[in-house]
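User: I'm new to this one and would like to go through it step by step. Could you take my questions as they come?

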Amino acid sequence: WPHKSKWVLSDADRIDLAQVFARGQDADHDGLTPGFLEGPMHQRLVRGRAPKHRGVLIGKVIGCNTRCGVRVTVRLRGSAEVKRGIGVVFDRGAPNEPEAGGYVYEVIDPSTGQSVARTAADAVCEGIYELTFSDNVSSSWGKAAARDRNPVMPAPGDLVWRSSDPELETRLRKMATESLPQQKREPVTVRLSSGGVGYPLSIA
C-alpha cells in the first residue's frame with residue numbers, strides 16, 4: 001500500500017459484515033482481516049478451530065436442560081443482538097462433526113421465566129438467558145447423535161454463534177434491490193397479418 005492509513009469500520013458495520021462474511025473465527029477473532037493484502041499470513045487468515053463461516057459470536061453455553069423440550073442456557077457477551085427467530089449454531093470445536101443449531105423459538109429470562117426479546121426493539125445482548133427451539137429442531141439433534149454416534153446436544157463451554165439474522169437479511173435484500181438500475185417499460189405496437197387459416201403470420 002502507498003500509505004499505512006487504516007479504514008476503520010464502525011462496530012455496527014463490523015457486526016453486520018461478520019454476520020454475512022468472515023472466515024477462520026474463534027472466541028478472540030471475528031474473522032475479518034485485510035486478507036492476503038497483508039502477505040501470506042495463513043494462520044491469521046484461517047484459525048485452526050473452524051475454517052468455515054460462523055457468523056457473530058454471541059456467547060457461551062453454561063447449561064442445557066432436556067427435561068421439557070430443550071432449553072440451552074447461554075451467557076451472552078454483549079457483542080450482538082439476540083432475539084426470537086435468529087439462527088444459532090453451537091460450536092464445540094469439532095467442525096467436521098454434526099453440530100446442534102437452528103432457529104431460536106423463544107428467549108427466556110430465567111429470573112422471571114418470561115419470554116423476552118420477541119422483536120428487534122426488545123432484543124438482548126448481555127446477561128444469562130435460555131434459548132428454546134421447536135420440537136422438530138431438538139429431535140433432529142437426537143437423530144444426528146444416534147446416526148453418527150457423536151454427542152450433538154449443546155454442552156457447557158460450547159461457543160454460541162448467531163449464524164443468521166432474518167432482519168439483516170431483509171435489509172440487505174432491500175439494499176440490493178434499490179441499487180439496481182430502474183427498468184423503464186416502453187409500449188410497442190405490432191401489426192400482424194395472415195393469408196388465412198393455416199398461413200403463417202407476418203409482422204407488418
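User: Leaving aside its neighbours within four places in sequence, which residues is F133 in contact with?
Analyst: This is a predicted model, so keep that in mind throughout. With neighbours within four places in sequence set aside, the contacts of F133 include V70, V72, G102, Y103, V104 and Y105.

User: Which residue forms an aromatic pair with F133, and what kind of pair is that?
Analyst: The structure holds one aromatic pair. Its rings sit 5.9 Å apart, centre to centre, with 75° between the planes. An angle over 60 degrees counts as edge-to-face. So the partner is F90, and the pair is edge-to-face.

User: Which element gives the largest share of the largest nonpolar core?
Analyst: That core has 27 residues, and F90, F133, V82, V88, V107 and W141 are those with the most contacts inside it. At least two residues each come from β1 (56-65), β2 (71-82), β3 (87-91), β7 (124-132) and α3 (135-148). The largest share is five residues, and it comes from β2.

User: Are R54 and D91 buried or exposed?
Analyst: Their side chains meet in a salt bridge, at 3.7 Å from N to O. R54 lies in the loop between α2 and β1 and D91 in strand β3, so the pair ties together parts 37 residues apart in sequence. As for cover, R54 and D91 are both buried.

User: Which strands do R71 and E130 lie in?
Analyst: The side chains of R71 and E130 also meet in a salt bridge, 3.0 Å from N to O. This pair ties together parts that are 59 residues apart in sequence, because R71 lies in strand β2 and E130 in strand β7.

User: How many residues apart are D30 and R14?
Analyst: Here too the side chains meet in a salt bridge, 2.5 Å from N to O. D30 sits in the loop between α1 and α2 (42-45), and R14 is in helix α1. D30 is partly exposed at 27% relative accessible area, and R14 is partly exposed at 32%.

User: How many salt bridges does the structure hold, and which residues are linked in a network?
Analyst: The total for the structure is ten salt bridges. Some link up in a network, whose members are K83, R162, D165 and E167.

User: Which helices each supply at least two residues of the nonpolar patch?
Analyst: The patch covers about 430 Å² of surface and is made by L17, V20, F21, L172 and M175. L17 lies in helix α1, and L17 counts as partly exposed because its relative accessibility is 34%. The helices that each supply at least two residues are α1 (11-20) and α4 (166-179).

Terms used: Residues are numbered from 1 along each chain as its sequence is written. This is a predicted model: local features need pLDDT of at least 70, side-chain atom pairs count only at pLDDT 80 or more; totals for chains, interfaces and linings use all residues. Side-chain values use heavy atoms; hydrogens and water are left out. Patches are made of residues with over 30% relative accessible area and no salt bridge: like charges are joined within 9 Å, nonpolar side chains (Val, Leu, Ile, Met, Phe, Trp, Tyr) within 5 Å. Accessible areas come from the Shrake-Rupley method with a 1.4 Å probe; for residues, only the protein chains shown count as cover. A salt bridge is a side-chain nitrogen of Lys or Arg within 4 Å of a carboxyl oxygen of Asp or Glu. Helices (H or I, at least four residues) and strands (E, at least two) are DSSP runs, numbered from the N terminus. Buried means under 20% relative accessible area, exposed over 50%, partly exposed in between (1.4 Å probe, protein chains only). A nonpolar core is a set of buried Ala, Val, Leu, Ile, Met, Phe, Trp, Tyr and Cys residues joined through side-chain atoms within 4.5 Å. Contact means heavy atoms within 4.5 Å. Rings of Phe, Tyr and Trp (its six-membered ring) pair if their centres lie within 6.5 Å; planes under 30 degrees apart count as stacked, over 60 as edge-to-face and the rest as tilted.
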